[in-house]
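User: I have a chain open on my screen and would like to go through it with you. Could we take it piece by piece?

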Amino acid sequence: MLFRSATPEYETAHNWPVADGRWFTAQEVRSSAKVVLLGNTVAEQLFEGGDPIGQTVRIKTVPFLVIGVLAAKGESLSGQDQDDVMLMPVTTAETVFGEACASAVVMFAVLVLFLQLQLLDPWQW
């Protein structure tokens, strides 16, 4: 399982909507809320077909409220299960895992979004 930190913009940058529930809000990022989005694989493994929304999961003994399940993406080109992931607000990740880990993920998301915008016709921005 992979833990990732994100901001609400991650959904657009990675084209990864939720299948159930919702994304975290800017307010939840600002307040370092203990909320989490589950990848499809994680949701199936932890809740065996049950509804994870509103349930609590523990990450490093810290309780997190499940607010959403990400739409299934399947395997990457390298064969990695992209749905075996948990996403949390970047500020929360800084608290739980440390600042360096969380910052690297955000910088990658910003770079991906920038590169996607560069591929568009400038008049579409």
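User: Is Thr-61 buried or exposed?
Analyst: This is a predicted model, and in it Thr-61 counts as exposed, because its relative accessibility is 67% and the cut-off for exposed is over 50%.

User: Where is Thr-61 found?
Analyst: Thr-61 is in the loop between β4 and β5. Those two strands form a hairpin with two residues between them, and Lys-60 in the turn has a positive phi of about 50 degrees.

User: In which sense do β4 and β5 pair, and over how many bridges?
Analyst: The pairing of β4 and β5 is antiparallel and runs over four bridges. As for individual partners, Thr-56 is bridged to Leu-65 in β5.

User: Which side chains of β4 point to which face?
Analyst: The side chains alternate along β4.

User: Which other residues of α4 are buried?
Analyst: Besides Val-96, the buried residues of α4 are Val-90, Thr-91, Thr-92 and Ala-93. Just after this helix, Gly-98 takes a positive phi of about 110 degrees.

User: Why does Thr-92 count as buried?
Analyst: Thr-92 has a relative accessibility of 0%, and the cut-off for buried is under 20%, so Thr-92 counts as buried. Its place is in helix α4, which covers residues 90-97.

User: What does Thr-92 touch?
Analyst: Leaving aside residues up to four places away in sequence, Thr-92 touches Ser-32, Ala-33, Lys-34 and Phe-64.

User: New topic: aromatics. How many aromatic pairs are there in the whole structure?
Analyst: A search of the whole structure finds two aromatic pairs. In one of them, the ring centres of Tyr-10 and Trp-23 are 6.0 Å apart with the planes at 40 degrees, so this pair is tilted.

User: Which parts does that pair tie together?
Analyst: Tyr-10 lies in helix α1 (residues 10-13) and Trp-23 in the loop between β2 (18-21) and α2 (26-30), so the pair ties together parts that are 13 residues apart in sequence.

User: And what about the pair of Trp-23 and Phe-24?
Analyst: The rings of Trp-23 and Phe-24 have their centres 5.3 Å apart and their planes at 65 degrees, so that pair is edge-to-face.

User: Which residue lies over the face of Trp-16?
Analyst: That is Lys-73, which lies over the ring face at 4.8 Å from the ring centre.

User: On to charges. How many salt bridges are there?
Analyst: The count comes to one salt bridge. Arg-22 forms it with Glu-28, and the closest N and O atoms are 2.7 Å apart.

User: How accessible are Arg-22 and Glu-28?
Analyst: Arg-22 is partly exposed, with a relative accessible area of 37%, whereas Glu-28 counts as buried at 13% relative accessibility.

User: What about α3: which of its residues are buried?
Analyst: In helix α3 (residues 40-47), the buried residues are Thr-41, Val-42, Ala-43 and Phe-47. The elements that cover them include β3 (35-38), β4 (56-59), β5 (62-70) and β6 (85-89). Just after α3, Glu-48 takes a positive phi of about 40 degrees.

User: Lastly, the whole chain. How many helices and strands are there, and in what order do the elements run?
Analyst: The chain has five helices and six strands, and from the N terminus the order is β-α-β-α-β-α-β-β-β-α-α.

User: How much of the chain is buried, and what is its accessible surface?
Analyst: Of its 125 residues, 34% count as buried. The accessible surface comes to about 7,300 Å², and 57% of that belongs to carbon and sulfur atoms.

Note on methods: Residues are numbered from 1 along each chain as its sequence is written. This is a predicted model: local features need pLDDT of at least 70, side-chain atom pairs count only at pLDDT 80 or more; totals for chains, interfaces and linings use all residues. Side-chain values use heavy atoms; hydrogens and water are left out. Rings of Phe, Tyr and Trp (its six-membered ring) pair if their centres lie within 6.5 Å; planes under 30 degrees apart count as stacked, over 60 as edge-to-face and the rest as tilted. A charge sits over a ring if NZ of Lys or CZ of Arg is within 6 Å of the ring centre and within 35 degrees of the ring normal. Buried means under 20% relative accessible area, exposed over 50%, partly exposed in between (1.4 Å probe, protein chains only). Contact means heavy atoms within 4.5 Å. A salt bridge is a side-chain nitrogen of Lys or Arg within 4 Å of a carboxyl oxygen of Asp or Glu. Accessible areas come from the Shrake-Rupley method with a 1.4 Å probe; for residues, only the protein chains shown count as cover. Two strands pair if DSSP finds at least two bridges between them.
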